[in-house]
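Here's a quick briefing to read with the model open. We'll start inside one chain and then look at how the chains meet.

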Amino acid sequence: MGTVGPAKQPDGNDRFAIGGGRSGAGSGIATGLAPVAVLVALVLAISAFSPSFLSAYSLRVLAAESSVILLLAIGQTIVVILGGIDLSMAALASLTSVIVALLLPELGAGAVLGALCIAALIGALQGLVHARAKIPSFIVTLAGLGLWSGIALAIANTTVPVAGRYEVIGWLDAHTWGVPNAFVLGLAMLGLFQVALARLRFGRHVYAIGMAERVALLSGIRVWHVKTLAFAASGLCSGLAGVVMVARTSSGNPTIADSLLLPSIAAVLIGGTAITGGHGSLARTLIGVCIVAVMRVGVAVAGIAPAYEPIAYGALVVIAVAITVDRQSIGIVK
Amino acid sequence: MTAVALRAEGLSKRFGDTDALRDVTLEVRPCEVVGLVGENGAGKSTLLKLLAGVIEPDVGQIILRGAPVRWRKVRDAADAGIGMMFQEPSLIPGISVAENILLAHEGPGIRLGIVRWRKLFALARAWLVKLGMTISPAAATQSLSFSERQLVAFARALAVEARTREAPILLLDEPTSALDDRGVAAVLQTVEALRTRASVVFVSHRLEEVLRVCDRIYVMKDGRCLAEREAGTLTVEALEQLMVGHEISTDIARDAARPHVAASVCLEVRELSRRDKYADVSLALRHGEVMGIAGAAGSGCEELCRTLFGIDAPQSGTMLLEGRTVALRDPADAVAHGIGYVPAERASEGIIGAMSVAANMTLAHLARFCGRWAIDRRREQDVAERWIERLRIATPSATTRASDLSGGNQQKVALAKWLVGRRPRVLILDHPLRGLDVLARRDILETIRELARDGVGIVIVADSLDELLAVSDTVVVMRDGRVSARYSIAEDRPTRQAILESMV
Amino acid sequence: MRQELAEFGAAAVRLVFALALAGAALPARAQALCEKSQIRLVNSMREITQPYHVNLNKGGRMFARWAGLEDNYVLQLNQGDSDKQIALMRSILATNPKCTVFNVEPNADVVMKPMVDTADRTGAWIVTHWVLNRALHPFEGHDHWIAHVAVNSQAVGVAVSEQLVAAMGGKGGIVALQGRLDTDPAQKRFAGLKAVLAKHPGVTLLAEQPANWDRRAAFPIMQAWLAKYGDRIRGVWAANDDMALGALEALRAAGLAGRIPVVGVDGIPEAIAAIDRGEMTATVSSDAFYQGSIGLAMGTCVLTGQAPPPQTWAKERREFFLRVVVITKDNAAHHAKEPAVDAYAGEWRCDNLWSRATGPAF
Amino acid sequence: MSGGVAAVLGGLRTSGPLLALLALTVGFALADSGFATLANLRIILDSAAVPLVLAVGMTFVIRQGSIDLSIEGLMAACSLVFALAVANDRTQFDLGWLGLPVAAAVGAVFGLANGLIVTRLRVPSFMATLGLGSIGLGVAMLLSGDQPPLVRDTPLRQWALGQTFGVPNLALAAAACLAGGFFVEQFTRLGRYSYVVGGAESVARVSGINVDFYKVVVFAFAGLMAGLAAAMESARLGLGHVEIGAGQMLGTITAVVIGGTSLSGGSGSVLGSAVGVLALTVLANGMVFVGAPPHLEKAIQGAIVLVAAVLAGWHVRDRLRIVK
């Protein structure tokens, strides 16, 4: 984009730029802290309504609730940093849940692994189509959304209770030292991909493509490899989300995760990752997820009349983003 | 004391912790062409943007026709008759040429919010004619060639004339940088013509142009105004001295004999053709040879370079790399084969502004900086610093983001990208010197020679013939997509004239 | 094994009757588990924009007011988000779980197990509705899952289909608008239709499409069918009233409103009005007011000790089918007006909680 | 990729969407004789009406480089306002035809809010509209209360369900909106600047264009269209309903993008979007006709969306093309 005028002053944070440039550091910390501030403020506000909200129990519930969104948001973050978007994640998670629930009794752990592979492959396929046929990821994954949920419905047009071997995944619904295992899994994935983004060639390429795809191309980066890989990652995350869903409900359902798509995207953006790509991090997403989880449940817990719930939620989303969005890195707000 | 059209008084501007402009004062008199010269990052563009109201000064004031003014938005300046042509490409792709020229001041072209196309086109055509352009005002902007766009941008700057009864003031930032000699001629001619009714501030790196059209010349360096001279009293050499501050040799010296040009061919193309771009081009580039390709806009030399790098596939013809036929599916293939490419549009294709200098340098060869798993940042750092030193890149550190560097230094980074890894076989340079100052120019030309000495085959497309002649072993001239002449500098050094004739 | 269970069941029944009688005689026998003022009544449902859910909520409130617990009445809406329904339940249990009663309209059957488990784990009390999950029963060790008030969706489907067939005079083609295919009621109701069609070869199913319970979705589908089959369509079957009304509007656009019999399920006021006008033939009501209150009533009885702890109840009192009413032109007028408290007060009495049970649902 | 294929598809240039529409129509016509009848054409036009009105507004938003995810909530609010403003079973109001402009106005206000949040608070439109959509939903829930209000205004209902000269009135209204949108896009400053803002916002700014102003106006315009659409749908269904816009958001965006408006902004036309809408409508209608297995309906739709997108975009596949 033309660098005319003051619109685009170089931003500071989140480009993994080695070390982190001088101009960067300051604003980086500032914009990095904003989401945390919002989270704290939100929690305090809600616990003012219902003090029990800060109890260990509530927080554990919150963690458990946010674990699925967390997994979805992790995959989404990678794709968003790449400059794309993945609308198919929730549908894919639902599909996975059905597959796992169906195959678990016979194949046990094999079913889980198989389902995860399928999810990753489907993700990769979407990335491939997007990168090679040059169709906006928005459209490809939109089509995917229809395809995967349609297939899920075709496989099992209703809830599939896990008929056996539940213990293979049951541990995901349990706690260790009071921390929900599913949440721990989410954190593990977060750490894994954080390293990949910050230290591996893959991550560097993801950021490069997100910031300036032309330059990446002209530097000989095989952009379609990177994109395929990134979408495979988001596919894998969807799969894991699906598995956790099965663990939570001890059954698979073709629409179980669908309602989590927008919240997970919201989490990524509230964290301050720029939807225009190239700027953002998984650390930010973690905060975003917490904020969204608190909003989803907290608003209700605070005892607000049901009809006002969506209003409060909407207002909070806008306010949260208004505070957390890293304007410098977006430059132009689309 | 004659009347003053526009006067900048003690303007200062900081970006972050760098002083872009420090207490600059300059004057533009009615119907005067004022030249503004200086190295990259000297603050010329910043000064113009202040005058045009794109950015606001921290200190100092602007006095227009005797009255102090403060621009709240660009519009204010434009309405007062100040038009600016930006260095960066600044046209909107999706709309017609006419709309671009009259953007934001369509005048009678839009009545009560309703567009009157016939009127709009008529108005726009008038400006195009002034520049001797024949393209239709209804043409879609994205269909124009780079230099055509540059001229349209110029036309847009001219168009402020229609907005004020006063004599307009035009700020031209590198109006000629992207143009071939014909385009340059047109622009200079127009500037001459403008002198009768407008004041112009003219920024260019081509000092001879500046001397030709300007009455007075301001010389800037490091955000300061070093000197003000009457153009008549100056020579190019003197001007360069003022700019650089120390003696430099005029013609970019070339080492006479070039023993290092090997006999072995590294890159060869046979009857390469691409529909309405270029046709049966055959070239042979030897190891250590610098091949300059000269050609007016639309001659197809840029397109040829892009094909050599695998960006566009040729319709027919073969390409051999060290004797073996290669088919490049995409730039990645080219890179894998050891071909490097420095694009003309630095900002959008050369570097990633938001990334650190080091990251930019290693982008193309990241694999070489990876341990078993992760990127070895220390090694990356070291290598980057080595090249920063070697190419004399002016940057606080290797971790500075590339967009904070001046144009010349950014170009060096873009070049370094191909040097940090294993030495490339072929390096393709598309206008590597565009808009660079003397020093940067010299550094880059030297690097090119060094590479040639190490046996790298180099293809270079450049703005000015002098540059081509200075660095090339062979010069290939293209016209309308075909090779119209070849010269081997060693044997018969062609005159500028000869080349120009085979170009047009 | 089954034999034993049956015996146990029988024994339980006897025991319960004894207790019930005793309870009637001197109410304060079983000791109270909670201060009455501590009891929290939670109605967990999808949303409150559809009339059916509005009435669920009204029923719940009605009971709360009647029991003098209106301030302790909590409404939880999940906006069709299963995950959220679970989340909301778990988070409110941060306080006072032991005295909290949930009356749950499951958003989808997947939420059943997690919610029941939550109740068992936290000591909260829960009554569930609608969905029937073969693998899950209150009397299988879920002491805090008071009861499951099932609706025999297949029977409902049969009942309403019978009405349709009758209205068509036993022959002609029909089109069917299905609900969300992944929900149990949608499938069972359609199964009911299939069963009826099997008995009446004269009636043929021209086409079926899911319209996701949604009036808007039903409209264009009905239009397309009208274009395709024209007057071969002699009847319209919809899995709920909302879709039936959508189809009705499409018929109206084609000038066919009132000329082709239309049936739905739920018995929402609009549908009843349409039946009154003769534009719809029949609907089946499971009485949202009752469903919205009975679970809370059961819980209150248990917590105040007016009813014995659930694990002592007979199986058929912990998982039973709910009586439904078929609404046609004859009784439409009667169902049109909103019921008053005293219509239900009798059925909320702790010794009369099973007045609408039509038999075991397992 | 083989030059042949490229050449053939390249020939299609901008006709990609049209071709997709054609293919669908022919396909269904072959599959079912009843499909290609005048009666069904009417129905297709009728059910395309509301999405088309939405798409006209959305085209402007996407073209200026933004996106509007608030459609559904916004329609909900407008639908209820409309139902409560005209003769209905809940309130005393009886504005009759004025109900349409009133609903449109409410929509415009919401759109305005979208625009202001985007430009003043500099919140990306993606999130701003997401939030406002939710707010609209809440407002609708408040207005809806116990019972969805029923529209009792007979002339309105008759108009919404009726035809003139064999063309559904709603389709005519939508056509009018389309014509209006086309005029605004081609012949007004607002329309032209929506290309400029989307094409190169920073350039627009330094050219002295009041970018924020035009952005806000476009959002308001989109809101207005959504309000109108909501009113039309409510008049047709005869009630104000919270879920009146359910599923419209993604559908509209899909139609617009299939119609050749790039999500990155700066290109596209309402005419293209109209083709996109028709394509999707024909698809949905045809699905019912061939009685596609309900389970797979979603899947098939997804697949066809993909194919359409490929067809529409193939000819511009060049190695340097950037798609996000």
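In chain B, 70% of the contacts with a separation of 6 or more are between residues 24 or more positions apart; two residues are in contact if their C-beta atoms, placed from the backbone, lie within 7 Å. Keep in mind that this is a predicted model, where local features need pLDDT of at least 70, side-chain atom pairs count only at pLDDT 80 or more, and totals for chains, interfaces and linings use all residues. Residues are numbered from 1 along each chain as its sequence is written, while chains are lettered from A and ligands numbered from 1 in the order in which they are written.

**Chain B on its own**
- Chain B has 17 helices and 22 strands, which are DSSP runs numbered from the N terminus (helices: H or I, at least four residues; strands: E, at least two).
- Buried residues make up 53% of its 504 residues, buried meaning that 20 or more other C-beta atoms lie within 10 Å of the residue's own, with C-beta atoms placed from the backbone.
- Along the principal axes, the C-alpha atoms of chain B fill a box of roughly 70 × 50 × 50 Å.

**Who touches whom**
- Five pairs of chains are in contact, and chains A and D share the most contacts.
- Chains B and C have no contact, and their closest C-alpha atoms lie 37 Å apart.

**Chain D against chain C**
- Here 29 residues of chain D are in contact with 25 residues of chain C.
- On the chain D side, the elements giving two or more residues include α3 (38-63) and α11 (211-237).
- α3(D) gives the most to that side, with five residues.

Terms used. A residue is buried if 20 or more other C-beta atoms lie within 10 Å of its own, exposed if 12 or fewer, and partly exposed in between; C-beta atoms are placed from the backbone.
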